[in-house]
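Trainee: Please show me how to read the features of a structure, one at a time.

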Amino acid sequence: MSKIVCKKCVLDSDIPGITINQETGLCHFCETYAPLSSQEKTEYLTKIEELFKEYGGKGDYDVIYALSGGKDSSYTLYKLKKDYPFLKVLAVQFDNGFISEGAIKNAKKMCEITDSDFLQLTMEKEVLYDTFQKAAESYDAFPKFAKYRASDICNICIAIIKQKLIEQAIIRKAPFIVFAFTGGQSPNPIINLSSNFIQWSRNLFEKQLEKIGVDDKDELFLLKREVIENMGDTAPSILHPLCLWEYSEDKVLDTLLKIGWEQPGINDSNSTNCTLNAFACYNHLEKYGFHPYAFDIAGLVRSGEMSREEGIEKINQELSRPLIEEAAKKLQVEIKK
Ligand SMILES: [Zn+2]
């Protein structure tokens, strides 16, 4: 059967698990799509403000913030501090060995502009390269749904960031962790963690690392056991305010360029900050046969945050060969000529 593309988003019948309803022309996700209403969004924002007022001002920081230096996380930090200027924020940037100079510069600049403290989380390049190499060479090491969310390499990075941000929040007694996920990525706007959940997610990631052949005995990637053991009864909450705000890529870029954030020179339409991303996408396409951003972009299109034309263009855009080759060389992974 020839490939059918969903009429509303960008998912197609060639992606494993996706069928397009012949009558409606829609994928399962579009058929069951139920976005937050503007009233629900307002209610969530009110709730978040109440939480800030109730739990803020007590620890070293109010918010541990995941700052990549890319457009979404830069914009969210800016608007967060504009809407809630009283928040004490520690912005954490994870240097995975592939983040661009531009992303580092942008992250530092955003911290200056928003009066946030900046922490760069770094590890030895050899350890990171070895881990990404193992992720590239793994197949279906993560739970089944994970590969629809991101590439194996990106999933490793995302998991490290989550582990280490929760760790920072516990150590610094910060009640909130904020990520810049958009509405299209359909996060739950407020997630209350518990010590049991934190322990469970640590163990899950440890097993995934073992599965790809990484023994993180020094707990470089994993949330340190000792920190969990001493955390007490209160656990931080994760907030996703960006999914409650009006969003368009143009508006975000427009705002950022005005305040001094600089457009990075990376030739990658899906990442403005990571030079490993093109290789991660290439690797995923080779292994699983569909673009790792397909579901992400489909979500943005479905929610109206991106036009369908732009989404289709992004998914079909050729990946940068120089970026792929450069990363493959660093990771010592063979790629097709
Ligand atoms: Zn669809």
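Mentor: Let us begin with D130 and K134, which stand 4 residues apart in helix α5, so that about one helical turn separates them. Helices here are DSSP runs of H or I with at least four residues, strands are runs of E with at least two, and both are numbered from the N terminus. Please keep in mind that this is a predicted model, in which local features need pLDDT of at least 70 and side-chain atom pairs count only at pLDDT 80 or more, while totals for chains, interfaces and linings use all residues. Residues are numbered from 1 along each chain as its sequence is written, and side-chain values use heavy atoms, with hydrogens and water left out.

Trainee: What joins the side chains of D130 and K134?

Mentor: They meet in a salt bridge, 3.0 Å from N to O; the term requires a side-chain nitrogen of Lys or Arg within 4 Å of a carboxyl oxygen of Asp or Glu. D130 is partly exposed at 33% relative accessible area, and K134 is partly exposed at 25%, where under 20% is buried, over 50% is exposed and partly exposed lies in between (1.4 Å probe, protein chains only).

Trainee: Which residues coordinate the zinc ion?

Mentor: A donor is an N, O or S atom within 2.8 Å of the metal (3.2 Å for Na, K and Ca), and since water is not among the atoms, sites may look incomplete. Here the SG atoms of C6, C9, C27 and C30 coordinate the zinc ion at 2.3 Å. The site is tetrahedral, with angles of 105 to 117 degrees among its 4 donor atoms, a label given to four donors if all angles lie between 85 and 135 degrees. Along the sequence, the donor residues follow the spacing C-x2-C-x17-C-x2-C. C9 and C27 both lie in the segment before α1 (28–31), so this pair ties together parts that are 18 residues apart in sequence.

Trainee: Are C9 and C27 buried or exposed?

Mentor: C9 is buried, with a relative accessible area of 0%, and C27 is likewise buried at 0%.

Key
Tetrahedral: all angles 85-135°; square planar, octahedral: opposite > 155°, others 65-115°.
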